[in-house]
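This briefing concerns a predicted model. The points below are grouped by topic for use alongside the sequence and coordinates.

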Amino acid sequence: FGKNESPLDFDKGLKLSSAQIDKDLALLAQYTGCIRTYSTLGLEMVPALARKHGLKMWLGAWVSSDPVLTRKEIAAMVALAKENADIIETVVVGNEALLRRDVSASQLIGYINEVKQALPQMKITYADVWEFWNQHPSVAPSVDRVTIHILPYWEDKPIEVERALLHVKNVYEEMKHKIPNKEIVIGETGWPSFGRMREGALPSAVNQAIFTRGFVKMAEENGWK
C-alpha cells in the first residue's frame with residue numbers, strides 16, 4: 001500500500017498497482033529473503049513478483065467474521081500456493097481473528113483443517129498475539145508452526161522501551177515452554193516511531209531504532225525465526 005492507502009479502501013474500489021509492489025519488493029529484497037502477506041484477494045500478483053526478486057513467501061488468507069469472504073480468501077490462497085509451491089514457505093490461515101473475536105477457536109480450526117486437506121505438503125500456521133494462543137490452547141495442535149505477535153508498546157500493561165527486549169525474550173521462552181512440541185515463530189514485533197504515549201511506553205524514532213536493532217541482534221544470537 002502507498003501513502004494514504006489501506007485495505008479498508010478495497011470496498012471503495014482501490015486496486016493495488018503491480019508496479020508499486022514490484023518497486024517495494026525490490027527494496028525489501030536488499031534486507032530479507034522472505035515476505036509475509038496478510039490476505040490474498042487483490043494481491044494475486046505478489047508471488048510472481050516475489051519470485052522475480054528471489055523472495056520466499058509466507059502466504060496469508062484473511063479470516064474474518066464474513067464466512068463468504070473468508071472462503072474466497074482461502075480458495076484464492078490455496079490456488080496460489082499450488083501454483084507457486086517453489087517459493088511458499090508457509091501458508092497463514094488468519095491473522096488475529098481470535099483477538100478480534102471474528103471467529104471462535106473451533107471455527108478457526110475448521111478453516112485450518114480445510115487448508116490442510118487442500119495443501120497436504122505445505123507448512124500451515126495461524127498468527128495472533130501471544131496471549132490468544134494461551135487463551136485458546138486447542139488451536140496449536142492443528143498447525144505446524146505457532147506464529148506469535150509480541151508488541152510491548154501495545155500490551156495491556158505497556159512496557160517501556162528499556163524493558164521491551166527482555167519482555168520479548170521472556171514471552172518467547174514462556175511460549176516455548178507452554179507449546180514445546182511446535183516451532184515458535186515471531187510473526188510481528190516492533191516499536192512505533194510516532195504516536196501517543198502509553199504509560200511509560202514512548203513512541204519515537206530513537207526508541208524504534210533501539211528496539212529494532214536490539215531485537216534483530218537478539219533474534220540472530222538465539223536463532224529465532
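At 73% relative accessibility, Asn 4 is classed as exposed. The residue belongs to the segment before helix 1, and its phi is positive, at about 65°, although Asn 4 is not a glycine.

**Backbone with positive phi**

- Besides Asn 4, whose phi is about 65°, Glu 96 has a positive phi, here of about 55°, and is likewise not a glycine.
- Glu 96 is located in the loop that runs between strand 3 and helix 4 (105–118).
- Because its relative accessible area is 15%, under the 20% limit, Glu 96 counts as buried, whereas Asn 4 is exposed at 73%.

- Thr 37 sits in the loop connecting strand 1 and helix 2 (46–52).
- With a relative accessible area of 10%, Thr 37 is buried, because this value falls under the 20% cut-off.
- The Thr 37 side chain comes to 3.2 Å from the backbone nitrogen of Gly 60.
- When neighbours within four places in sequence are set aside, the contacts of Thr 37 are Val 46, Met 57, Trp 58, Leu 59 and Gly 60.

**Strands 2 and 3**

- Strand 2 (residues 56–61) pairs with strand 3 in the parallel sense, over five bridges.
- In this pairing, the residue of strand 3 that stands opposite Gly 60 is Val 92.
- Strand 3 (residues 88–95) has seven of its eight residues buried, and is therefore largely enclosed by the rest of the structure.

**Asp 22 in helix 1**

- Asp 22 is a residue of helix 1.
- Its relative accessible area is 19%, so Asp 22 is counted as buried under the 20% limit.
- Apart from neighbours within four places in sequence, Asp 22 is in contact with Leu 49, Lys 52 and His 53.

**Largest pocket**

- At least two lining residues come from each of strand 1 (34–36), strand 6 (183–188) and helix 7 (205–222).
- Helix 7 provides the largest share of this lining, namely six residues.
- By residue class, the lining of the largest pocket consists of 14 nonpolar, five polar and five charged residues.

**Second largest pocket**

- The volume of the second largest pocket is about 770 Å³.
- This pocket is lined by 22 residues, with Phe 1, Pro 7, Phe 10, Ser 39 and Leu 43 nearest its centre.
- Two or more residues of the lining are given by each of helix 1 (18–28), strand 1 and helix 3 (67–83).
- The element giving the most to the lining of the second largest pocket is helix 1, with four residues.
- The lining of the second largest pocket divides into 15 nonpolar, three polar and four charged residues.

Note on methods
Residues are numbered from 1 along each chain as its sequence is written. This is a predicted model: local features need pLDDT of at least 70, side-chain atom pairs count only at pLDDT 80 or more; totals for chains, interfaces and linings use all residues. Side-chain values use heavy atoms; hydrogens and water are left out. Ala, Val, Leu, Ile, Met, Phe, Trp, Tyr, Cys and Pro count as nonpolar, Asp, Glu, Lys and Arg as charged, and the others, Gly among them, as polar. On a 1 Å grid over the protein atoms alone, a cavity is a set of points where a 1.4 Å probe fits but cannot get out, and a pocket is an open set with protein on both sides within 12 Å along at least five of seven lines; lining residues have an atom within 4 Å of a point. Grid points are joined across faces, edges and corners, and a volume is the space filled by probe spheres set on the points. Buried means under 20% relative accessible area, exposed over 50%, partly exposed in between (1.4 Å probe, protein chains only). A polar contact is a pair of N or O atoms within 3.5 Å; within protein, one must be able to donate a hydrogen and the other to accept it, and residues adjacent in sequence count only if both atoms are side-chain atoms. Contact means heavy atoms within 4.5 Å. Two strands pair if DSSP finds at least two bridges between them.
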